[in-house]
Amino acid sequence: MTRIGVDTASTPFQRAARDLLESNPDATPLDLATSLDFLISNDDDAHPNWHPSSKPFEAMVRAYFLRHLTGWSDRKTIDTITEDIETATAFGFEPDELPSRSTLTRARNNRLSEDLKDSLKRKAEWIEAHVQATGHPLSTGALAPEDKGNHSHRSVNRFIGDKLDSVPREMVNLIADEWSDWMPLRASNAQYHLNSFIETECTMGLTRTAAKQGSEIYNDNTDRNGGGPGGGIFVEYMKRLERSDVLRMLHNSTGLMLNTAKRHLEFERPATVAIDITLLPFYGDTDHARQSEWIVDTRERPDTEYDWSYRYATIAIVGENVKFMLGLKPVHENDNMGILVEELLDKALHHVSIDTVYADSAFASADVLNTLNQRPVRYVIPVPLNSRIKNDIHRMGHDVEVAHEYPIHGNVRGGATNEKVRTTRVLLPSIKSEDDEAGTVAFYTNLDVDDGLEVERERTEKTINRYRRRWGIESAYQSLKTFLPWTSSKEPVVRLFHFAFGILLYNMWRLIDFLIQLSIDEVEVRTKPRLKAKRFINAVKSRKLLA
């Protein structure tokens, strides 16, 4: 792990920010947001001047920057700006036309260009790094790690408890704006707080209960006036969503969480990511399962006990970096796997740079290889033991064998129906976690491997073994399933909603563990969590932290 060092202030913006912070030890995020020049242009504004809902664009840019700098929700950002007229006018808003919380949400989703948002995000991250490196008192609250020191076992446990008291609530507030917008049509006389919807979903995931029971548990324990929605109302709102709505909310919320971690960590290297297919059981009517384009027959699969399953493709940071789920896509029966991988990589690249991709054997196809070959990434993909691979194994002269320019035939997007794609095929002795009759396993890869000499074969086996153990991905997906509520709904969007929110709960757990490790561990973040998932779940449930 490498922390961001003292800045070099190489751009005009950085120099201006540095000078402001050095000249004013009491500078606040509001001072930075209202004083700095963001050099925006008309091209950055997607709304034409005549747009009826347009607020002053520069003011919205400053508000968005403040949100990134502080990690606040849209609601808290706008509430802070508009709590007095002087602050609002300093941002550039008209006193008689102050923005609402939804104004910032809409601007973020529809008005600010992607290039501008990326630029503002980088500026906020630079200031956060500079503040930490120089010891400026500007604070980011409970989501910031604390100074390392000598910690006894008792003090470590107390520290973890303190973080569990504060961080989950802040995380819910952080993502509240994204997930509150999925209830635009709630009854005007509803008495429950908007956040109670996502708090109910949290309760369902953490207790692994269905909507009816989960909402009852939430209402039995919450101290919110009016409680929360009943199970029937809750599910009805979910049914109104489109899949694209759920995936957008997950993508934006994942970015908010990961950016919180990035304020305190510069990844030592580009990330290793794993792309996998997760199966979740469908226990409903068999006729419905046969007719659904989102449910697959898994009765003949040796790796699952379910007759019918939903499939979800996910991409996650694995290996020696902080574990995070980066992207999700439900798998349709007609999905092209190459396009699926491309979409998942694009989602992940919004958050991190990628060095190596480890993909499930379901992705060992010509179209996926063609997609990966066009990207500046390394990859390792296990290959099912089909008849061709079994023949290759039968002809092996050594226990490690490498075939360069190995041809794979199959359908490739934009190519022929039986296009030829080339890769490197590696055959290796199986390891304990891989059970196959031949005692040999196969991989497709573009790593620099060879088998001409014994020393090269040893190096090849060592190189592949660094990736073939899946970098902890099995335990990550097993942990993810502990955050998923029970549901018998036949609606694919309801299933997707639960799975997506389970990813957020998993990421919340990993983020809290990461912040704890930054504050306690002297050397580097461990791949094994200090905060066990069960303790995280029990703490959030027992302390009513979400209410």
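Helix α9 is largely enclosed by the rest of the structure, since 11 of its 12 residues are buried. Buried here is under 20% relative accessible area, exposed is over 50%, and partly exposed is in between (1.4 Å probe, protein chains only). The buried set in α9 includes Ser196, Glu199, Thr200, Glu201 and Gly205, along with Phe197, Ile198 and Met204. Helices and strands are DSSP runs (H or I, at least four residues, for helices; E, at least two, for strands), numbered from the N terminus.

From its first C-alpha to its last, α9 reaches 16 Å, close to the 16 Å expected at 1.5 Å a residue; the expected span is 1.5 Å times one less than the number of residues. Just after the helix, Arg208 takes a positive phi of about 55°.

## What sort of model this is

This is a predicted model, where local features need pLDDT of at least 70 and side-chain atom pairs count only at pLDDT 80 or more, while totals for chains, interfaces and linings use all residues. Residues are numbered from 1 along each chain as its sequence is written, and side-chain values use heavy atoms, with hydrogens and water left out.

The chain has 20 helices and nine strands, and buried residues make up 55% of its 547 residues. If you look at contacts (heavy atoms within 4.5 Å) between residues at least 6 apart in sequence, 68% join residues at least 24 apart.

## Rings and charges

The whole structure holds 13 aromatic pairs. Rings of Phe, Tyr and Trp (its six-membered ring) pair if their centres lie within 6.5 Å; planes under 30 degrees apart are stacked, over 60 edge-to-face, and the rest tilted. Phe197 and Phe234 make a stacked pair, 6.4 Å centre to centre with 15° between the planes. Phe197 is buried at a relative accessible area of 0%, and Phe234 is buried at 1%.

Tyr506 and Trp509 go edge-to-face instead: 5.6 Å centre to centre, 75° between the planes. Both lie in helix α19 (residues 492-520), three residues apart, about one turn of the helix, and both are buried. Trp509 also has the charged end of Arg510 over its ring, 5.0 Å from the centre. Lys123 lies over the face of Phe13, 5.2 Å from the ring centre. To count, NZ of Lys or CZ of Arg must be within 6 Å of the ring centre and within 35 degrees of the ring normal. Elsewhere, ring pairs link Phe282, Tyr310, Tyr312 and Phe499 into a cluster.

## The nonpolar cores

A nonpolar core is a set of buried Ala, Val, Leu, Ile, Met, Phe, Trp, Tyr and Cys residues joined through side-chain atoms within 4.5 Å. The largest has 108 residues, with Trp179 and Phe536 making the most contacts inside it. Its largest share, 19 residues, comes from α19. A second, separate core has 35 residues, including Leu32, Ile81, Ala107 and Ile127.

Leaving aside residues up to four places away in sequence, Trp179 touches a group that includes Ile198, Val246, Met249, Phe497, Phe501 and Leu504.

## Helix α15, another enclosed one

Six of the eight residues of α15 (residues 366-373) are buried, so this helix is also largely enclosed by the rest of the structure. Asp367 and Thr371 are among the buried ones, as are Val368 and Leu369. Their cover includes α14 (337-349) and strands such as β5 (354-359), β6 (378-383) and β9 (440-445).
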